[in-house]
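Try each task before reading its solution.

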Amino acid sequence: MTHTDTQHPAATASPTASPTASPTARAATATATAPAASGASEAGGERGRTAFLFPGQGSQKVGMGLDVIAARPDLVETYYRQADDILGIPLSTLCWEGPEDALRDTAITQPAVFLTSLVTLDVLGDRGVHPDVVAGHSLGEYTALVAAGVLDWRDALRLVRRRGQLMAGVNAEVPGAMAAVLGLDLATVEEICADVAAETGQVAEVANDNEPGQSVVSGEAGAIEKVREAAQRAGAVKAIALPVGAPFHCALMRGIEEEFAAELDQVTFREPSTPVISGVTADYATSARGITDALRRQLAGRVRWTGSVRLMAASGVTHFVEVGPGKVLSGLCRRIVPDLASFTTNDERRLAKTLDALAPTAAVAA
């Protein structure tokens with residue numbers, strides 16, 4: 001995704017010039033310090049660790065999940081019907097049939113993307129493909145936490161629905177915008193945002209560090225337009241306005257942190273059974289308390305995707321699997337760590353290819 005929540009397909013084209021930042025000292029030593037893997041680590045002999053990556057808002061499309069339920073109709077009752085009942089909305093119909101305008105509503109998009117990733121996760125697990133580490137891009141972190149045994153999927157579904165409602169409410173009060181900036185290094189984009197914020201007195205911040213040379217900025221609409229103009233003058237390959245429902249991952253979201261923290265307090269969080277990386281810190285989240293704090297901070301905090309991917313690579317991950325709709329995260333991984341393998345699951349053909357590559361032989365033969 002680009003990830004507007006953040007990803008967005010329009011922002012995923014690779015810049016013609018992508019400055020590469022050196023890995024952090026933490027990532028450089030991560031192999032020695034990472035938590036022990038709990039999933040299938042060496043299936044296939046020489047393969048290293050496998051990371052499951054879960055997409056966020058921006059990956060949605062009408063019809064998502066239809067390929068999965070065609071192969072596994074039992075998942076309709078297991079997940080979709082329950083989700084409809086829990087939320088009191090026809091979420092399954094919105095995923096499969098749209099309309100597209102409704103699916104773009106932040107309060108609908110977030111549970112819809114979550115649910116599609118969840119059923120895809122079930123299919124992978126049923127075929128014996130399990131992660132050694134999990135990470136999610138913004139919203140995707142909730143599915144990652146389900147995969148890691150931290151959250152019950154029903155609780156996670158309720159949380160992402162409420163998260164989407166609160167985020168949409170922010171935009172109703174202060175119209176915001178987001179834009180993807182391609183071809184400038186992170187420091188330059190940060191400087192542009194700081195200059196615009198000082199000039200206008202409005203919020204303009206880096207929301208996502210998606211890959212070297214691709215940032216997403218977020219804030220008040222007028223300020224983000226000025227950031228776009230300044231980025232183009234500074235030599236950006238593109239500075240693209242993103243069709244989003246709210247200005248995610250910036251200070252405008254701080255007003256909902258307390259209310260959302262109260263929602264988090266109503267839910268049981270368990271210790272992770274599979275290592276999970278927080279996008280807020282680009283580090284391993286090792287306790288339930290630390291995870292809930294990160295989810296609260298995530299609303300207004302930057303998504304540190306470049307650092308998260310580098311940490312996984314330094315921790316011995318050799319295979320990245322994007323679980324759910326879209327294929328943006330796998331594309332980002334290919335540009336951050338081009339020597340490692342990336343897989344997608346967003347349609348029947350790609351899911352089959354991923355299973356062929358990663359499923360244990362016995363499971364494939366079954």
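Rings of Phe, Tyr and Trp (its six-membered ring) count as a pair if their centres lie within 6.5 Å; planes under 30 degrees apart are called stacked, over 60 edge-to-face, and the rest tilted. Keep in mind that this is a predicted model.

**Exercise 1. Find the aromatic pairs and classify two of them.**

Step 1. Searching the whole structure gives 3 aromatic pairs.

Step 2. One of them joins Phe52 and Phe54, with 6.5 Å from centre to centre and 75° between the planes, an edge-to-face arrangement. Both of these Phe residues are buried.

Step 3. Next, look at Tyr80 and Trp96: the ring centres are 4.8 Å apart and the planes meet at 55°, so this pair is tilted.

Step 4. Now place that pair on the fold. Tyr80 belongs to helix α4 (residues 74-87) and Trp96 to helix α5 (residues 91-97), so the pair ties together parts 16 residues apart in sequence. Tyr80 and Trp96 are both buried.

**Exercise 2. Describe the nonpolar cores.**

Step 1. Start with the largest core, which has 77 residues. Among the residues with the most contacts inside it are Phe52, Leu151, Trp153 and Phe269.

Step 2. Take Leu151 as a case to inspect. Setting aside neighbours within four places in sequence, its contacts include Tyr142, Leu145, Val267 and Phe269.

Step 3. Then look for a second, separate core: it has 19 residues, including Ala51, Tyr284, Met312 and Leu329.

**Exercise 3. Decide how covered helix α15 is, and by what.**

Step 1. The buried residues are Val328, Leu329, Ser330, Gly331, Leu332, Cys333 and Ile336.

Step 2. Those buried residues pack against β1 (49-54), β4 (204-211), β5 (214-220), α14 (305-314), β10 (317-322) and β11 (341-343).

**Exercise 4. Sum up the whole chain.**

Step 1. Count the secondary structure: the protein chain has 17 helices and 11 strands.

Step 2. Of its 366 residues, 57% are buried.

Step 3. Consider contacts between residues at least 6 apart in sequence: 77% of these join residues at least 24 apart.

Step 4. Finish with the surface. The accessible area of the protein chain is about 13,900 Å², and 49% of that belongs to carbon and sulfur atoms.

Technical notes
Residues numbered from 1 in each chain as written. Predicted model: local features only at pLDDT ≥ 70, side-chain atom pairs only at ≥ 80, totals over all residues. Heavy atoms only, no water. Buried < 20%, exposed > 50% of the residue type's maximum accessible area, 1.4 Å probe, protein only. Helix = DSSP H or I, 4+ residues; strand = E, 2+ residues; numbered from the N terminus. Contact = heavy atoms within 4.5 Å. Areas by Shrake-Rupley, 256 points an atom, 1.4 Å probe, with all protein chains shown as cover. Core = buried A, V, L, I, M, F, W, Y, C linked by side-chain atoms within 4.5 Å.
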